Amino acid sequence: MFRTPIMEKTIEDPPTSAVLLDRCHFSQVIFNSVEKFYVPGGDITCYYTFAEHFIPRRKDWIGIFRVGWKTTREYYTFMWVALPSDINNKSAKQQEVQFKAYYLPKDDEYYQFCYVDQDGVVRGASIPFQFRPESEEDILVVTTKEELETLQSINKKLEQKVKEQKTCWETELLQLKEHNLKVSSENEKMGIRVDQLQAQLSTQEKEMEKLVQGDQDKAEQLEHLKNENDQLFLSLTEQREQQKKLQQIVEDMKQKETSAAKKQQELMDENFDLSRRLSENKIICDVLQRERERMERENDLLKKENSRLLSYMGLDFDSLPCQVPTSDQGGAGQNPGLVYGNPYSGIQESSAPSLLSIKKCFTCKSDFADEICDHTLEQQQMQTPCLNCPICDKTFPAREKQIFEDHVFCHSL
């Protein structure tokens with residue numbers, strides 16, 4: 001294969017095929033006004049027309065092939081086909097393409113134009129031609145017998161090719177008719193199918209409208225639910241805040257309850273302590289009451305003793321001035337054993353000696369002034385009754401008063 005560089009207007013290789021030559025499709029493009037030879041150094045124009053049912057495509061091309069080629073890959077040079085503006089117009093079927101001289105072959109071999117579609121299939125082929133200068137013999141049209149025998153041979157070959165091409169065209173025409181019938185039948189089926197699809201499309205459009213309406217309803221319902229959700233969220237937030245406040249109130253109440261319980265416990269402890277102290281005071285009060293009664297009895301005895309002593313000394317007890325000791329004079333506080341004080345404390349000393357300034361003890365006959373003698377005091381102490389426990393009736397000496405009180409107090413514990 002002799003291939004020259006691609007022309008300036010081409011930007012890529014044309015679509016080709018490795019399939020061997022198939023002459024059945026050569027009748028779809030007819031080349032017109034093809035010269036027997038073209039003079040080298042000049043541009044050449046290729047004229048061609050399309051068959052009735054042939055439709056050119058954007059990637060179709062016309063190549064120059066050396067006679068004897070087998071596949072469309074063996075082109076020498078090519079040009080892209082310009083699509084007609086109106087392929088349905090009869091006048092538009094006459095087409096042409098121009099090859100620049102720079103890309104044309106430089107030898108005198110036989111070449112031919114071939115129309116190749118974008119699938120790499122040959123749709124038409126021209127008669128052979130040469131690239132050589134015009135000679136004088138060609139002008140005089142003088143041929144020898146040998147050349148005549150050669151021309152006859154070429155003519156026979158060409159006639160055979162024409163017959164083969166005619167047969168191929170007839171076969172292809174029959175195929176085209178069958179194809180047209182098949183296409184017509186398919187068109188009818190497609191028409192029925194289109195009607196069915198249109199009915200189905202109409203039904204689907206109605207269903208789509210229902211779905212769209214349903215989507216709109218769902219969108220509105222979703223918006224309504226969203227608003228309700230927002231309101232519920234706000235309500236939940238308020239309830240949580242209120243719950244926090246209630247929890248705080250409960251905590252405060254618990255603290256107050258704890259404080260109140262603690263205060264109640266303190267009051268109970270204090271009440272128990274007061275009750276205990278009251279019990280103790282009641283016991284002590286009873287003890288003191290008994291002690292008072294005892295002291296009163298003791299005081300009565302002392303009064304009787306004093307009356308007896310005064311009678312013994314020739315004095316009248318009722319005639320003696322008796323002074324009740326006051327808090328300022330320290331009366332009964334001076335002798336806790338006498339409830340009504342010392343009966344002799346009422347006798348006041350004067351500047352002259354009184355009847356009681358010097359006395360004699362009626363027992364031991366000893367003199368004493370203003371006071372009772374020790375013998376009398378010991379006798380009075382011996383005559384004083386003992387202290388009896390009001391709970392267990394235990395007896396204590398009068399001089400053990402503190403021990404007695406402690407004993408009584410232990411009963412309250």
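Glu296 and Arg292 sit 4 residues apart in helix α2, so about one helical turn separates them. Helices here are DSSP runs of H or I with at least four residues, strands are E runs of at least two, and both are numbered from the N terminus. The side chains of Glu296 and Arg292 meet in a salt bridge, 3.3 Å from N to O (the rule asks for a side-chain nitrogen of Lys or Arg within 4 Å of a carboxyl oxygen of Asp or Glu). Glu296 is partly exposed at 25% relative accessible area, and Arg292 is partly exposed too, at 48%. For those labels, buried means under 20% relative accessible area, exposed means over 50%, and partly exposed is in between, using a 1.4 Å probe and protein chains only.

Glu280 and Arg276 are about one helical turn apart, because 4 residues separate them in the helix. Their side chains form a salt bridge of 2.6 Å, N to O. Glu280 is buried at 8% relative accessibility, while Arg276 is partly exposed at 29%. Then there's Glu298 with Arg294, whose closest N and O atoms are 3.0 Å apart in a salt bridge. These two are likewise 4 residues apart in helix α2, which puts about one helical turn between them, and both are buried.

## What you're looking at

This is a predicted model, so local features are reported only at pLDDT of at least 70 and side-chain atom pairs only at pLDDT 80 or more, whereas totals for chains, interfaces and linings take in all residues. Residue numbers start from 1 along each chain as its sequence is written, and side-chain values use heavy atoms, with hydrogens and water left out.

The protein chain has 413 residues, of which 24% count as buried. Its secondary structure comes to 4 helices and 13 strands. Of the contacts with a separation of 6 or more, 65% link residues 24 or more positions apart (contact means heavy atoms within 4.5 Å). The chain exposes about 30200 Å², with carbon and sulfur atoms supplying 53% of that area.

## How confident is the model?

The average pLDDT over the protein chain is 78, and 74% of the residues score at least 70 (pLDDT is the predictor's confidence in each residue, from 0 to 100).

Two stretches call for a note. Residues 4–10 stay under 50 in pLDDT, and the model gives them 19 contacts beyond four places in sequence. Residues 345–357 are also below 50, with 14 contacts beyond near neighbours in sequence.

## Arg123 and its network

Across the model, the salt-bridge count comes to 11. Salt bridges that share partners tie Arg57, Asp117, Asp119 and Arg123 into one network. Side chains of opposite charge can pair when their charged atoms come close.

Arg123 belongs to strand β8 (residues 122–125) and is buried, with 14% relative accessible area. Its side chain makes a polar contact of 2.9 Å with the side chain of Asp117. Polar contacts are N or O pairs within 3.5 Å; within protein, one atom must be able to donate a hydrogen and the other to accept it, and residues adjacent in sequence count only if both atoms are side-chain atoms. Setting aside neighbours within four places in sequence, the residues in contact with Arg123 include His25, Phe26, Phe54 and Tyr115.

## A nonpolar surface patch

Val67, Tyr110, Leu151, Ile154 and Leu158 make up a nonpolar patch on the surface, with about 380 Å² of accessible area together. Patch members have over 30% relative accessible area and no salt bridge; like charges are joined within 9 Å, and nonpolar side chains (Val, Leu, Ile, Met, Phe, Trp, Tyr) within 5 Å. Areas come from the Shrake-Rupley method with a 1.4 Å probe, and for residues only the protein chains shown count as cover.

Helix α2 (residues 145–312) is the biggest contributor to the patch, with 3 residues. Leu151 lies in helix α2 and is partly exposed at 44% relative accessibility.

## Two positive phi values

Most residues other than glycine have a negative phi. Ser33 has a positive one, near 55°. Ser33 is in the loop between β1 (29–32) and β2 (37–38) and is exposed at 56% relative accessibility.

Asp393 also has a positive phi, near 60°. Its loop runs between β12 (387–388) and β13 (395–396), and Asp393 is exposed at 59% relative accessible area.
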